[in-house]
2 protein chains.
Amino acid sequence: MTDYYLAIDIGGTRLRTALFPAGSREPVRHERISTRGAGSTLDRLCDLVSRVWPNDGPVRAIGAAAPGPINPRTGVIYAAPNIPGWRNMPLKKELEDHFHVPVELGNDANLAALGEWRFGAGMGCHNLLYLTISTGIGGGVILDDSLVLGEHGLAGELGHITVLPDGPLCGCGQRGHLEAIASGTAIARWAAEQLAAGRQSSLTPDPAPTAKDVSRAAQAGDALSIEALSRAGHFLGVALADFLHAFNPSMIVLGGGVISSGEVFLAPVRQAIYDHVMSPAYVQDLKIVKASLGDDVGLFGALALAASKY
Amino acid sequence: MTDYYLAIDIGGTRLRTALFPAGSREPVRHERISTRGAGSTLDRLCDLVSRVWPNDGPVRAIGAAAPGPINPRTGVIYAAPNIPGWRNMPLKKELEDHFHVPVELGNDANLAALGEWRFGAGMGCHNLLYLTISTGIGGGVILDDSLVLGEHGLAGELGHITVLPDGPLCGCGQRGHLEAIASGTAIARWAAEQLAAGRQSSLTPDPAPTAKDVSRAAQAGDALSIEALSRAGHFLGVALADFLHAFNPSMIVLGGGVISSGEVFLAPVRQAIYDHVMSPAYVQDLKIVKASLGDDVGLFGALALAASKY
């Protein structure tokens, strides 16, 4: 008889689940469905979990990664913008009532940090920052081998540091946050603004360029696109220097699509870090690495969360 | 027979020590001398400690608060600018060799955070930020009832977050850090610059105003002084919003002389926090309070450090 952990990754597009034997990082079963479909999302999620439930041993715990503001201490999802009806959803309690095993819930970016630390690029490291640079910017922090949660589990929102006073509007409604300047969305928007202002570029204004378009054009030598990525990388580096002073990690793990732009983005990141730290002690044995778990990071983070508690 | 803890506070001006019975926060002996004087600072410190050493019971441990960059994990002071000869000083080892009891060393601002959390304004709180706004800006963070150290004990340097790109030069050599804009030194410098530029004020340019002068003039209604403090408070608030996103504390404890300027400084701090947080969840039960341990915070922090380990 084997004990198991069951991992859930709740995305705006897909619901995923995987069953792991205790002590293993190789799932023996996994399933995925669209987040939207007939019936309530909760019923569909429970059905999905049932499909991978083992019949040859107990499930020690379920770990679940969820987007949006959540309280991991209570297991409540405050708001999941892409899931109809999920406001103040007590997911931990709902799943525990349904499956009769302990359930642990975490913010997806926080759990990505935990996943990369436990199973990915950050293995063996004790103090780690994780940032994902994608449509938004999410983060998570490991200190002394523990995920930093804060009072209500809202810590690690590293995308919402103010890097440019009175800067562009952020998705959260405030101004000048890192996410409003260095996310993929922000990079594409800045490029579009420059095109609208008449700057020359191989990018075309209609349809508006995506971050991927900017990245591709930068690889091909387009000056405007290179500037767009370099500017974003600069501000990310400034923010990372701030986080080095705050947390003093030994490793920064960077995930998300924008990172695949490579050196045109990463060289300015490193330069800005070095130009803003108060002492070389913060960078002398600092590793800056790419995330390694790809699309599975949410499932691995959920597994790490469940296995860390049960 | 009583067990004791012995606390040391190493300042640029004074060396202080106090002897506490285990379980008590009332010292039974305390002594202080000038940091500079005849003989080596280490010999003078050892002599000072010997003068309060108990003869009716063992010392469980010595805790010591020291300024400047130190590694609390190894007990080495990298540099103490105000103490001649203290570069890469292995203070933990020196004191352990001399007194034959365990010694724990901490950065003074970090230990002030620990002291306020254990014995002062932050008692009973689990997640706390401490900032001291004085000639410089130092900080410390308590998360889940533990002091945040980071990989090399360099975490919590909250004064060195970039709040104004390409802003004024900081004492650390970088630009635009919070300390370069909101410390007492920075407030006084900004006021002096405005006077030099011809602004009207009750402050006089020669001798240059101190932060205390600015504070006093602001209380009396001087518009320039009010603006100086309000500007500093604004940037402090922006930085605190960043730290709320990073750490999600339930309390911010503010120490240092600048805080005594009162509402002219603190109202802009609160306003900027509310204007920059991504969600009201970060402030809804947040307490912002003044530090309560005054000049003794270093000794209490050192006591808290020693008692937390032995």
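**Sheets, helices and the interface**

In chain B of this predicted model, helix α3 (residues 108–119) lies across β9 (128–133), β10, β11 and β12 (251–255), at about 50 degrees to β10(B). Helices (H or I, at least four residues) and strands (E, at least two) are DSSP runs, numbered from the N terminus; contact means heavy atoms within 4.5 Å. Axes are lines fitted to C-alpha atoms, for helices over the stretch in contact, and angles run from 0 to 180 degrees between N-to-C directions. Helix α8 (residues 263–276) of chain B lies across β9, β12 and β13 of chain B and runs at about 160 degrees to β13(B).

Residues are numbered from 1 along each chain as its sequence is written, and chains are lettered from A and ligands numbered from 1 in the order in which they are written. The model is predicted, with local features needing pLDDT of at least 70 and side-chain atom pairs counting only at pLDDT 80 or more, while totals for chains, interfaces and linings use all residues; side-chain values use heavy atoms, leaving out hydrogens and water.

The sheet in chain B is open, with five strands in the order β11-β10-β9-β12-β13 and mixed pairing (two strands pair if DSSP finds at least two bridges between them). Its edges are β11 (146–147) and β13 (287–290) of chain B, each with a single partner strand, so one side of each is left without a neighbour in the sheet. Strand β10 (residues 137–143) of chain B pairs with β11(B) in the antiparallel sense over two bridges, and Leu143(B) stands opposite Ser146(B).

Chain A also has an open sheet of five strands, in the order β11-β10-β9-β12-β13. There, β12 (residues 251–255) of chain A pairs with β13(A) in the parallel sense over four bridges, with Met251(A) opposite Lys287(A).

The two chains meet through 41 residues from chain A and 41 residues from chain B. Between them they bury about 3,300 Å², 51% of it on carbon and sulfur atoms; buried area is the accessible area (1.4 Å probe) that two parts lose on being put together, summed over both. In chain A, Glu151(A), Asn248(A) and Met278(A) lose the most area to chain B, together 18% of what that side buries.

Two salt bridges link chain A and chain B (a side-chain nitrogen of Lys or Arg within 4 Å of a carboxyl oxygen of Asp or Glu). Arg73(B) and Asp144(A) form a salt bridge through their side chains (3.3 Å, N to O).
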